[in-house]
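Subject: A structure for you to look at

Hello,

Here is the structure I promised to pass on. Please open it alongside this note, and I will walk you through what turned up.

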Amino acid sequence: MDQTLGDLGEFGLIAAVTARLPQGPQVLLGPGDDAAVVAAPDQRVIASTDLLVEGRHFRREWSTGYDVGHKAAAANLVDIAAMGARPTALLVGLGAPATLPVRWALDLADGLRDECEPVGASVIGGDVVGTEVVTVAVTALGDLAGREPVTRSGARPEDVVALAGRVGWAAAGLALLTLAPGGDLGEVAESPLIRAHLQPQPPYQVGPAAAEHGATAMIDVSDGLMQDLGHIADASGVAIDVDPAALELTPLLAAAARCGVDPYDWVLAGGEDHALAATFPATVGLPPGWRRIGRVLAGGGVTVAGQPYRGAGGWAHFGGDPTVP
């Protein structure tokens, strides 16, 4: 029988997890004390936090502990990148039932660690507590390296709207997961779309690069492209028009449309791919990794080819089916 958290105990779990978490050079004091110490050479710290709850953001019958760790790290690290900063550290709170297998919790730690490694961030500490469902709370820290943060409020008429990363894949993967009869994924189990939902691949490096290139506004596309561009439009007091011809509709998305969904609904309203959307002055061109998908205009709101978008608006945390993210 697998060892559970109840068998191992709080401090045994903490010791087992922290032993799997190497610390980067920016960490002056890592796990093991009342708090960690992280170098802040810029004298400013970018901070963001996010929460993943079992049954709301993931299901254990679909997601391994490693998947959830990867996803929790990605959702937070990309928020730092969306400010034009470099991620440096994560603090992680884990709530879990005593019956949770220890292996699942250790896999969670491995997923967090491995997603932090490419950007040079470290998991520097956190907390564990007994709960009825698995809950993962992450706080991310980042360094601006002397740059000003790129907020949502800087877009101006005549700016170019650009996208980095993919959109629609995670939403299509979720559709495949939810429509599998009896939870049996069969031949679609290895679909890249399902992998995109379970382990998103944010384009972290292009965030700081966009800041250096003069991006006027930027956002992580976590709740749907239309909804998140709407946040830029509202904060900046502008209108945004999206060119649908500039949005990539891959053969994978087109094939997944057998689920009965217009694939453009996934592209325009699907979340959790954690792409980055930004605006740039029309005179500067776009840095590598970015592609033009629209323009900023005077006015307000977001349109598609000059017309109101009639599809789903994006994810809402206090609406919809609470068991399907």
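Predicted model: local features only at pLDDT ≥ 70, side-chain atom pairs only at ≥ 80, totals over all residues.

**The overall picture**

The protein has 10 helices and 13 strands. Its radius of gyration is 20 Å, close to the 20 Å that the globule rule gives for 325 residues, so the protein is as compact as a globular protein of that length. Along the principal axes, the C-alpha atoms fill a box of roughly 60 × 55 × 30 Å. Of the 325 residues, 50% count as buried. The accessible surface is about 14,100 Å², and carbon and sulfur atoms account for 56% of that. If you look at contacts between residues at least 6 apart in sequence, 85% of them join residues at least 24 apart.

**The sheet and its helices**

Back to the strands: the sheet is open, has seven strands in the order β8-β10-β7-β11-β9-β12-β13, and its pairing is mixed. At the edges are β8 (217-221) and β13 (307-308), each of which pairs on one side only. Helix α3 (residues 65-82) packs on this sheet, where it touches β8 and β10 (275-280), and its direction makes about 170° with that of β8. Helix α8 (residues 225-236) packs on the sheet as well, touching β7 (160-164), β8, β9, β10, β11 and β12 (301-304). The direction of α8 makes about 155° with that of β8.

**Strand β7**

This strand deserves a visit of its own. Five of the five residues of β7 are buried, so the strand is largely enclosed by the rest of the structure. V160, A162 and A164 point one way from β7, while V161 and L163 point the other way. β7 pairs with β10 in the antiparallel sense over five bridges, and V160 stands opposite F280 in β10. β7 and β11 also run antiparallel, joined by four bridges, with A162 opposite R292 in β11.

**The nonpolar cores**

Which residues touch the most other members of the largest nonpolar core? They are L77, L90, L94, L112, V136 and W290, in a core of 50 residues.

Most residues other than glycine have a negative phi. Two places to check against that are Q43 and E272. Q43 is not a glycine, yet has a positive phi of about 70°. Q43 sits in the loop between β2 (37-38) and β3 (46-53). E272, also a residue other than glycine, has a positive phi near 75° and is found in the loop between α10 (263-269) and β10.

Are these two residues buried or exposed? Q43 is exposed, with a relative accessible area of 75%, whereas E272 is buried, with a relative accessible area of 16%.

Enjoy exploring, and write back with any questions.

Best wishes

Definitions and conventions
Residues numbered from 1 in each chain as written. Heavy atoms only, no water. Core = buried A, V, L, I, M, F, W, Y, C linked by side-chain atoms within 4.5 Å. Buried < 20%, exposed > 50% of the residue type's maximum accessible area, 1.4 Å probe, protein only. Pairing = 2+ DSSP bridges. Helix = DSSP H or I, 4+ residues; strand = E, 2+ residues; numbered from the N terminus. Contact = heavy atoms within 4.5 Å. Axes fitted to C-alpha atoms, helices over the stretch in contact; angles between N-to-C directions. Rg over C-alpha atoms; globule rule 2.2 N^0.38 Å. Areas by Shrake-Rupley, 256 points an atom, 1.4 Å probe, with all protein chains shown as cover.
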